[in-house]
Amino acid sequence: MDNTSYPVILTLMLPKDTKSYRHAYFICFLALYVLILSINIRLVIAIIMEKSLHEPMYIFLGHLCINGIYGATGFYPKILSDLILDSYVISFHMCALQIFMIYSSLLCEFTILTVMSYDRYVAICRPLDYHSKLTKNSCVKLILFSWIVPMLSSLTGTLLSNLRQLCAYHIDKLYCDNWSVVKLSCSSTFVNNVYGYIVAVIFVSFAIVIILSYIKLIAACKISLENRRKFWKTCLPHIFSLINLTFAFLFDFMYSRYGSNDISEGLRNFLALELVIVPPVFNPLIYGLNIRAVRKSVFTLCVASKVNISHAPKRRKHN
């Protein structure tokens, strides 16, 4: 069947006990989306407004938060509309867009974390070279790298899966993912499978680069108390983010290809949703709470906004 001849509609998995808990699911997902938007946007605003945070590490952190908003927007509006309408279907083209947004965001997180590990490596192991290596131009190049490479990788994978004829129309997941669409096709999945492994190897190699850089960082921390202080304050959140992301990515990659029906539906949904729930909530919270400069700026911004809100009615009365 030609996918471009007329709109193709795909069905998605229904959340468990939808009839009983549909409105509860809606409230939970809406609360999560509002939380993700509020904490990430507030952290980005704090980094933009506070001049002391105009440093490479915080700029990269800002892009990590922007990526969290971007990835969450690929999932939450769709699941919220499904729950409110009680209709779990998606057009083929919107499915492709969701695949691109969620997986480009996931890969972007790998590259941004890699760039952040390079920043920490230079700051702790080669502090005298920090300002010569992390110049404005080099930061722009690193940011472009962290966005362009994942976008192109995801775009290629999405096109490969969507330029195929379909023989089935149900995705056994709460959202569209690349391999689920590939499995619906009538033809061989060899090319898609090979490309998927290439992308997985490339981005897992980024995780290996990060691990190697942290081995050197740990060695450098043994020498200096100041280096140990920098490591615990700025690198520990990075390690937690990397562990969470790598575990979620590898499970999603391996289960989508070799998954067993022996795993309960609840566990499968939890691990699939972990990709779109934990990183965008976890990253800004752990960095914001652990790094004093960020925590102080966000707190100041919150206090200032509350003061402005409380003074606004008084000004109106006075006028």
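Predicted model: local features only at pLDDT ≥ 70, side-chain atom pairs only at ≥ 80, totals over all residues.
I started with Arg22 and Asp86, whose side chains meet in a salt bridge at 3.9 Å, N to O (a side-chain nitrogen of Lys or Arg within 4 Å of a carboxyl oxygen of Asp or Glu). Arg22 sits in helix 1 (residues 18-49) and Asp86 in the loop between helix 3 (76-85) and strand 2 (89-91), so the pair ties together parts 64 residues apart in sequence. Helices here are DSSP runs of H or I, at least four residues, and strands are E runs of at least two, numbered from the N terminus.

Residues are numbered from 1 along each chain as its sequence is written, and side-chain values use heavy atoms, leaving out hydrogens and water.

Next I checked burial (buried is under 20% relative accessible area, exposed over 50%, partly exposed in between; 1.4 Å probe, protein chains only). Arg22 is buried at 18%, while Asp86 is partly exposed at 42%.

I then searched the whole structure and got five salt bridges. One of them joins Lys78 and Asp82 at 2.3 Å, N to O; both lie in helix 3, four residues apart, about one turn of the helix. Lys78 is buried at 18%, and Asp82 is buried at 3%.

I also looked up Arg126, which forms a salt bridge with Asp129, the closest N and O atoms being 3.2 Å apart. Arg126 is partly exposed at 36%, and Asp129 is partly exposed at 27%.
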